[in-house]
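Let's take a walk through this model together. Have the sequence and the 3D view ready.

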Amino acid sequence: MSLPGLSSSAVNTSQANETVDIGARAEWRIEVDLKDTVTVKVTKGIVEVFGTELAIDVEYKFTGQKIAFYSHEGGQLEYSGPLVSEYVSEETQMSAYLNFHFALCKMREQDVRGPRVLILGPKDCGKTSLAKILASYASRMDYEPMIVNLNPSDPVFSIPGTLTGTPVSDILDVEDGWGQTYTTGVAPLHPKQPTVRYYGSPDIHENLKFYKHNVSRLGVTVCSRVSEDSTMKKSGVIVDTPPLTIKDVEIIEDVISDFEINVMVVIGNERLFIDLKKKFQAKLNVVKLPKSGGCVERDDSFTRQVQQRSIREYFYGTPKTVLSPYTVYVDFDVVKVYKPFVDAGGLISSVLPIGEDGLDNEEKKPDPLLQSLEPSSSSLQHCVLAILQADKKSDEDIILRSSVLGFGVVTDVDDTKSKLRILIPVPGRLPDRAMLLGSFRYTE
Amino acid sequence: MSVDEKALEALGDDFYVAISDLTNNSRPMITSFTLLAQENIDAAEYLTRAVEKRIEKAVPHQKLYALYLLDSICKNVGSPYTLLFAQKIYQTYTQAYLLVDDQTRKKFIDLFKTWKNAKTSSGLPLFPDEPMAKIEQFLVRATAIHQQSSAKVNVAMLLQTIDKLLYLTNQRLLRSPNDQSIPAKIGIIKQLKFALQNDRSMTQDALVGVKRQLDEMTTAEENSLRSTPPIKSPPLSNPQPNLQNIFNSIQNPTATSLQTQDTGYNNVEDKTKNLTLLNSMINLKGSAIRTPTPTQTQQPVVKKNNLTSLLSSLEKQGLVKKKTPSPHEVPSTSLLNSILQKTKIASSNRLNTVHKSPLEEELEKFDINAKFVSLDPTSTYTALFVSRKTHKCGTCGKRFGDSQQEQAKSRDHLDWHFRINKKLKEGAIVQSRNWYLDDEQFVQFRDEDMFGSGEQEDKTTTEKNNAGSKERHYVVVPSDSEMSCLCGVCKEVLKARYDDDLGEWIWDDAVKKNGRIFHYSCYSETNTSSSLASIVGAKRTRDLSSLDFDMIRNVMKNVKLDDRSKVNTKG
């Protein structure tokens with residue numbers, strides 16, 4: 001099937017189709033390198049990827065993913081292409097996740113206000129996978145939950161550094177991880193419509209105050225969207241988080257109130273579960289779920305490559321939906337760039353445990369959340385800029401409230417002519433909006 | 001009354017007719033009525049009245065569903081419905097409450113509890129405090145009275161129960177005339193009755209015990225009666241002597257009338273329906289008999305201390321299962337141990353099966369508070385993911401159900417795939433990404449507005465832009481012009497064609513601006529970006545959002561309309 005020479009680099013290249021039998025309640029776990037593409041086709045049975053059922057005899061292509069194909073009652077598939085690893089495991093936690101989903105459904109059927117789930121757990125324990133599984137299962141039963149991503153390192157329907165809320169109105173795209181948004185235009189599967197806020201760093205502790213600000217603003221938008229829509233109100237909200245520990249209880253408390261959480265699920269960490277249960281069981285349901293054996297540690301370079309890929313896809317699209325971005329040239333004085341405010345104390349507080357120090361600083365004088373930035377090649381070269389909804393002449397509090405209109409990348413800075421070359425996704429002039437600089441860079 | 005108001009009133013009447021179909025607890029129906037209420041907020045006053053009228057007029061066991069509708073509208077739509085319902089909520093609720101049975105009353109109370117905690121989207125209580133407090137007082141009083149009455153058991157009540165049991169057992173005898181155990185059982189029940197009538201010295205505890213056992217047996221009889229099909233022979237021939245016999249034996253002055261009434265009903269449903277009526281009649285007779293009569297010569301005289309033994313023999317009879325032709329024979333009376341509780345559970349279960357949707361039943365065992373993790377989800381998986389959705393889309397694997405609504409969805413879905421795939425294969429469009437929505441647009445955004453079926457689109461008339469983008473775009477070829485020209489954007493040739501309806505030569509799907517001809521799609525695409533630029537350049541700070549939104553919408557619609565027209569012309 002695959003073209004000769006296209007994927008010849010890998011050692012274990014397999015040109016012929018291999019057949020895999022998946023037993024009942026088993027899953028086939030594979031790792032595909034970022035530079036390779038694997039084609040998978042289900043030939044028999046109901047096989048799902050993170051809760052989304054695959055069509056029969058349709059080729060799915062995967063690149064740079066670590067995923068599992070689960071079958072509840074057994075199935076068979078064929079694949080071709082190089083895999084870093086592949087094995088069938090019969091020890092899955094999918095039954096537990098299914099049961100959790102059904103328990104959430106019961107809540108949906110019993111009350112007009114459905115479950116608002118907060119998923120917590122250590123790094124690489126399958127939080128995002130669970131979020132995706134729950135969203136897919138809900139979608140398969142015609143619910144429309146809102147998926148909220150509070151992990152800026154792991155982009156969901158957007159680029160890294162963002163916090164998003166997205167109604168899962170239809171089937172998710174297994175090949176893309178989540179799928180396309182309405183901003184893409186024509187896409188092979190139903191696109192989704194996210195609301196996007198830009199925090200700008202993969203690490204929430206780098207500027208906790210600005211992170212919390214964005215979480216609570218996102219909470220306002222998400223809650224008002226949910227309350228306006230009876231289907232979504234019933235379907236509820238699923239909140240995915242960065243790896244938080246009991247030390248971050250302050251953030252957890254904020255998230256609980258910002259998103260009106262009523263179910264908290266802790267994956268694979270008994271200690272965290274007990275601690276959180278003690279603290280929160282009076283207010284909400286605290287549930288423990290086992291960690292899937294399929295979870296693999298992602299090293300930093302893999303994470304970074306995935307982040308870079310999602311920025312590239314934002315501008316250029318995927319092989320299925322190719323997009324063409326535009327380049328604009330603007331003078332320095334046309335743009336208004338802000339960056340999250342970090343003072344000298346901020347640097348220290350990011351190193352120290354959260355709590356005392358940060359509070360002391362706040363009491364002295366309320367620091368602003370943003371600071372203005374003078375364009376220069378040293379400050380902007382190759383930087384990702386969030387173009388906000390707010391006009392560039394707006395007051396700071398309006399800019400702070402503003403969500404994201406889109407993103408741009410500064411591809412070149414000419415200090416002598418005071419000119420910027422910016423890559424933007426939409427044809428036309430650069431919108432006259434305020435822009436927010438984070439720590440992400442992108443080079444083509 | 002203005003024309004508008006008449007229209008609204010008519011809408012209210014229509015709504016009343018529609019919600020009269022709410023004869024079972026149908027969540028989809030309640031949801032769609034709620035949506036209707038939401039869409040016709042202008043007619044809120046009339047719709048409110050329609051719902052109130054329905055609650056008032058519905059037969060008692062259907063009142064609850066209408067009340068659920070009221071609840072759904074208030075919780076999901078909120079103002080102005082909450083305010084309108086609040087005016088009469090006390091009357092609506094209490095009047096209905098008084099007319100429904102105990103099980104339904106429980107549901108009423110459960111519902112009221114949710115009202116106390118519910119908040120509208122603005123954070124206010126669902127209903128004002130004053131009627132809520134009144135209803136609460138009412139419920140406190142009503143439940144207190146109820147508890148009192150059920151706590152005290154007297155001989156009159158027992159006799160009433162026995163009469164009911166007798167009636168039911170006789171019914172069963174009619175169904176299974178060959179069952180030898182039944183006449184024996186009837187004999188014992190009669191003895192029991194006689195004993196009770198003549199014995200006034202039983203303690204309250206003993207009476208309660210007897211009543212429990214009787215209640216249990218009554219329930220068992222009722223169940224067995226329901227599950228046993230009636231015999232085919234005309235009921236008149238066989239049962240008459242039996243009935244005669246029974247009623248004579250208890251010296252019933254109204255026996256004849258009862259008997260004729262009884263034979264009038266041939267099916268089980270009717271019989272159970274009229275049970276209450278019969279019961280009340282039997283009751284009358286019972287109370288007449290209770291005054292000691294010296295004429296009961298046929299009955300063996302039973303002494304007080306024999307009562308217990310009688311009951312036990314009765315139990316034995318119940319336990320005897322042989323010779324029963326039907327597999328649905330009276331359940332064993334071993335239940336007698338925990339009678340009251342079990343009756344309660346049994347009756348509430350029966351009620352639940354009536355009120356719960358199949359989905360809820362399927363989900364019953366998954367409780368977030370219990371140990372759900374180790375349950376076996378297989379049957380539920382199959383039921384909800386596979387059996388409920390039998391049609392699988394060959395392109396993406398999404399599943400659809402069998403109902404008409406689902407089939408329509410499935411067709412729309414396939415259409416959508418077809419259009420999109422065609423578009424993607426043609427590769428004609430070079431797309432660029434669009435902007436994200438701002439918060440306000442995001443909150444108002446509904447997916448079905450973008451990609452729903454045709455009907456759904458028509459519904460969303462709120463967007464003024466829809467009408468504009470749905471118009472056909474064409475340019476009439478000027479008489480002094482060539483038949484073909486170049487699009488100002490893509491430089492492709494536009495060829496004129498003759499349109500029969502218009503009687504003119506036209507360039508279809510085109511617009512004329514500043515003397516130049518453009519493909520409509522080319523024009524609107526470039527227009528989108530250029531107008532964005534001009535807007536962005538303008539000094540205005542507000543109102544940007546809605547314009548952007550309309551533009552995105554426009555582009556989406558064009559893609560869609562474009563596709564549709566191609567699909568149509570192809571066929």
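**Two helices, two chains**

Start with helix α1 (residues 94–110) of chain A, which packs against helix α18 (residues 378–387) of chain B at an angle of about 60 degrees, their axes 11 Å apart. Axes here are lines fitted to C-alpha atoms, for helices over the stretch in contact, and angles run from 0 to 180 degrees between N-to-C directions. Helices (H or I, at least four residues) and strands (E, at least two) are DSSP runs, numbered from the N terminus.

This is a predicted model, so local features need pLDDT of at least 70, side-chain atom pairs count only at pLDDT 80 or more, and totals for chains, interfaces and linings use all residues. Residues are numbered from 1 along each chain as its sequence is written, chains are lettered from A and ligands numbered from 1 in the order in which they are written, and side-chain values use heavy atoms, with hydrogens and water left out.

Who touches whom? On α1(A), look for Leu98(A), His101(A) and Phe102(A); on α18(B), find Thr380(B), Tyr381(B), Leu384(B) and Phe385(B). Contact means heavy atoms within 4.5 Å.

**A sheet in chain A**

Now hop over to an open sheet of 4 strands in chain A, with antiparallel pairing and the order β1-β8-β3-β6. Two strands pair if DSSP finds at least two bridges between them. At the edges sit β1 (18–22) and β6 (59–63) of chain A, each pairing on one side only. From one strand to the next, the twist averages 30 degrees.

Zoom in on strand β3 (residues 37–45) of chain A: β3 and β6(A) pair in the antiparallel sense over 5 bridges. Thr37(A), for example, has Thr63(A) as its bridge partner in β6(A).
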